Amino acid sequence: MKNLVILILLFPILFVAQNKEVIRINCDSIFNKKGYSVALEFDPKDQAILNILFTFSKKINGKEKIIYQEKLHSQFQNMEFIDFNGDGIKDILIENTSDARSNLTYHLFIVDLKNQKLRKIEGFEEIKNPNYLKKYDLIDCMVMSGKNWTSFYKIEGNKIKDFGYVIEDGEDDNGKHLEYDKNYKLTLEKILKSEKEKK
């Protein structure tokens, strides 16, 4: 079975303002050098589905300028910084939900420092335990369930493309080994071939 990438959760700094908690995240150093900051604001008493206010801002001439702001759902109010499009700049993942098997989903925002904007990727929050494959510019996942399984995805524009493959791990109903590693490799090769033919 291929190695899983363990995503590291950052420990936030808490502020209290008007009975709401503002989590101000220490951004990746590349953001700090350019004056960017990220904040999650939530009211512990608020039971609404959209329970946090996400803000990405930049300090210009001593004043905070909001670049992007949106209300989102986040079960645990966690955030991570991982490059998900291979440009060398870490993007922003905000934890969305966790299921009974602790499979995590996230909101993904691609960071464009050149144009000073964020690009939200629609459908990314449907991918459980997303993992970026930089070498192939693809995303895979390892989902823990009755039978663990993997699928492949790609960011196209502002949306997620699901290649439609499901590779199961373990044994089938007859006790036969499913050869996960072999099927993973064959499926990846098939996807890369189809993507190359499109160009």
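Predicted model: local features only at pLDDT ≥ 70, side-chain atom pairs only at ≥ 80, totals over all residues.
Okay, some housekeeping. Residues are numbered from 1 along each chain as its sequence is written. Local features need pLDDT of at least 70, side-chain atom pairs count only at pLDDT 80 or more, totals for chains, interfaces and linings use all residues, and side-chain values use heavy atoms, with hydrogens and water left out.

Let's start with the sheet. It's open, with 4 strands in the order E6-E7-E8-E9, paired antiparallel. Strands here are DSSP runs of E, at least two residues, numbered from the N terminus, and two of them pair if DSSP finds at least two bridges between them. E6 (79–82) and E9 (117–120) each have a single partner strand, so one side of each has no neighbour in the sheet. Further in, E7 (residues 91–98) and E8 (residues 104–112) are joined by 5 bridges, and Ser98 has Leu104 in E8 as its bridge partner.

Now, the rings. Which residues do ring pairs link into a cluster? They're Phe54, Tyr68 and Phe109. Rings of Phe, Tyr and Trp (its six-membered ring) pair if their centres lie within 6.5 Å; planes under 30 degrees apart are stacked, over 60 edge-to-face, the rest tilted. Phe54 and Tyr68 sit 6.1 Å apart, centre to centre, with planes at 50 degrees, so that pair is tilted. Phe54 is in E4 and Tyr68 in E5, so the pair ties together parts 14 residues apart in sequence.

Tyr68 also pairs edge-to-face with Phe109, at 5.3 Å and 65 degrees. That pair links E5 to E8, 41 residues apart.

Buried or exposed, what's Phe54? Buried (under 20% relative accessible area, 1.4 Å probe, protein chains only; exposed is over 50%, partly exposed in between), at 0%. Tyr68 is buried too, at 19%, and so is Phe109.
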